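Hi everyone, thanks for coming along.

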Amino acid sequence: MNGDINTLETISQQYRETVPNDLRDAKSFDWYLEAIQDDPKITRNAHQRVADMFDHYGTRYDEESGTVEYLLASEDPLGDGENTFYGEVVHRSIHEFVNKVKSGARGLGPDRRIKLLLGPVGSGKSAFDAQIRAYFEDYTASDAGRMYTFRWTNLCDVIPDQDPSDDTVQSPMNQDPLVLLPLEQRQAVIETLNDRLDAPYSIRNEQSLDPASSFYMDRLLAYYDDDLQAVLENHVEVIRLIADENKRQTIETFEPKDKKNQDETELTGDVNYSKIAVYGESDPRAFDYSGAFCNANRGIFSGEELLKLQKEFLYDFLHATQEQTIKPKSNPRIDIDQVIVGRTNMPEYREKKGDESMEAFNDRTKRIDFPYVLEYEAEAEIYRKLLRNADVPDIHVEPHALEMAGLFGVLTRIEEPDTETVDLLQKAKAYNGESSDGDDVDVTKLREEGEQKAEIAEAMVGVSPRFIGDEIAEAIMNSMHRGRSHLSPLSVFSHFEENLENHGSIPEENFERYHRYLELVREEYRERAIEDVRHALAYDIDEIRRQGEKYMDHVMAYIDDDTVPDELTGRDQEPDETFLRAVEQKLDIPEDRKDDFRQEVSNWVSRRAREGEAFSPEDNDRLRRALERKLWEDKKHNINFSALVSANELDDDERNAWVDALIEQGYSREGAMEVLEFAGAEVAKSELEGA
């Protein structure tokens, strides 16, 4: 029998290994006091625990952007990369969100604010919010993220009118066992914890017991003549608390059931009518702690489409944020401890921002812009993730298909540049980290101009990745119906053009502009396809490397005012300026900018050497392109362009060699034939006309 077959025994063992070893154990309060002395972080508040959670799964610092990438978002270790986030602007937003949580952990103010994720539809804010909740569940199940609550036991032994079904009652708000201590004694314990704490924040807990627990404490203290030790030893058990969104335990995702008839009890809880007959209406034991704020205590409150709520309903958030309390009907106030996250789209934000009556609410929110991706290669990764996570048929995605789809999306999102030296396409490439041939582009300045021109921020409007993903899916299905086994950029473009005006999220006034952008993308793909065909016709990796090494030898000699040995005679000679310019002119680098380019390449080589990496011209995008273009000029005279234009003149062996070269670049055989037909004719015509 195959050893990989799952049996009930192996499944049971695998499950048992995921369960914390103390999940089913009931501990004494004495045990808890000892445990928190050993590990004070057990008593962290919600902001502190969530802040530590982000660091727990790993970080990476991007020196160039000054942004911390949190691996739970950039790599998704729990999901094996299934739910990764891409794009510098998105990771900047995540960094900003975490900074606000960390500021709240230190008690600097954001702990008393709603963290409001603002972005267009399909920007990923809901997915990020869901990611936080999923990782919080996992973190609280780990030893590093553990937390505890308590339950009352043997209540019927002391309280005569206690319902037998309520002999054991878990803390309705899942409060930390520390709240069982009177404030003065609690502060003394916390002081010793902070002396032992190794963290950038301090432990704080001034909460009152929830009304039901306060009732039990008063009755039990009266019974034991204020002997707190007797109460805690005889009637309190400490138990492990693990976040569970499905059980609505320390995580709550809130959206009112009826937006036109909203009831504050959905947030704060309501009377438990089944208990009124037992305890009476005003008894705190007859309250149902099922409100969203109650369920989220000690964890995360997530508000879907928060600004669609009625203004009166939003006022409940004022107490929840600023005072960190809720005030239910017919019940005393209740202290809460949670990270409150809201999400909203652009129309609702504009409406509420201009409403003066919402000033108090707006003042209690910390807005985090969650824009669309602005790097088209990062956008392409979104679509690759979509395909990886789906049951995709045996379709080969051709080179440039997803990148050009991403480029179209980015063009619709960025502001037109003010400067005449940079057009929209060049700006998109600069955002993607590409250097413009012959000109330096100040990306920082472009970003600043874009932010100033945008209504709220750049990339907060434009075509959604959902639209692009849907059209890619349609193009794949269409290819299948036509018996094609590849997805080409041309088929993706066709679906964009056919469906742009049929998509409900794209305003009519944008149709003409978006079609113009699509033509820009078509032209960009045409240029890339031509480069690929030239590469297939003339590429020689050994020659590229030889020419690259020669170029660098002559550049270093030029910079150091030195000589280089002649390739044939070995005699020292001056750097070959003719050769250097022949390479640089392929990038349209003018004479007065040649020193800058040479110094740039020299610095790149030196940096790689310091990092222990050997020089390889293929790794420098600008130098590689220049060398490839020079190689083309050197070898194109030996190519039969007439045969390339006319299939009748083309030898099968010759065509197969070109197709094989394209396959090495990542094309399928069908895709190679298509791009050879599409771009090969363009290459041949331009060369024949220039001959």
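I'll go from the overall picture to a few strands, then to the core and some single residues.

A word on the ground rules before we look. This is a predicted model, where local features need pLDDT of at least 70 and side-chain atom pairs count only at pLDDT 80 or more, while totals for chains, interfaces and linings use all residues. Residues are numbered from 1 along each chain as its sequence is written, and side-chain values use heavy atoms, with hydrogens and water left out.

Let's start with the whole protein. Along its principal axes, the C-alpha trace spans about 105 × 70 × 60 Å. You can find 30 helices and 18 strands in it; helices (H or I, at least four residues) and strands (E, at least two) are DSSP runs, numbered from the N terminus.

How much of the protein is buried? Of the 691 residues, 50% are buried. Buried means under 20% relative accessible area, exposed means over 50%, and partly exposed is in between, using a 1.4 Å probe and protein chains only. The protein exposes about 33000 Å², and carbon and sulfur atoms supply 43% of that. Those areas come from the Shrake-Rupley method with a 1.4 Å probe, and for residues only the protein chains shown count as cover.

Now contacts, meaning heavy atoms within 4.5 Å. Taking the contacts with a separation of 6 or more, 72% are between residues 24 or more positions apart.

And the charges? There are 83 positive and 150 negative side chains, and the centres of the two sets lie 2 Å apart. Here Lys and Arg count as positive and Asp and Glu as negative, with His and the chain ends not counted. Each charge is placed at NZ of Lys, CZ of Arg, CG of Asp or CD of Glu.

Please find β4, residues 147-152, where five of the six residues are buried. It belongs to an open sheet of three strands in the order β5-β4-β6, with antiparallel pairing. β5 and β6 stand at the edges with a single partner strand each, so one side of each has no neighbour in the sheet. Two strands pair if DSSP finds at least two bridges between them. Between β4 and β6 (residues 236-241) there are six bridges, and W152 has V236 as its bridge partner in β6. Between β4 and β5 (residues 169-170) there are two bridges, with R151 partnered by Q170 in β5.

Next, look at β3, residues 114-118. Why is β3 described as largely enclosed by the rest of the structure? Because five of its five residues are buried. I114, L116 and L118 point one way, K115 and L117 point the other way, and all are buried. As a general rule, side chains in a regular strand alternate between the two faces of the sheet. β3 runs parallel to β14 (residues 365-369), joined by five bridges, and K115 stands opposite K366 there. β3 also runs parallel to β13 (residues 339-344), with four bridges; L118 has T344 as its bridge partner in that strand.

Let's go inside. A nonpolar core is a set of buried Ala, Val, Leu, Ile, Met, Phe, Trp, Tyr and Cys residues joined through side-chain atoms within 4.5 Å. The largest one has 129 residues, and M53, F54, F97, W152 and F408 have the most contacts inside it. Helix α23, residues 511-538, gives the most to this core, with twelve residues. Apart from it lies another core of 33 residues, among them M173, L267, C294 and Y349.

H47 sits in helix α3, residues 46-56, and counts as buried because its relative accessible area is 2%. Leaving out residues up to four places away, H47 touches several others, including V101, D111, K115 and Q338.

Q131 is in helix α6, residues 125-141, and at 5% relative accessibility Q131 is buried too.

How far apart in space are A401 and F215? They are 66 Å apart, C-alpha to C-alpha, and 186 residues apart in sequence.
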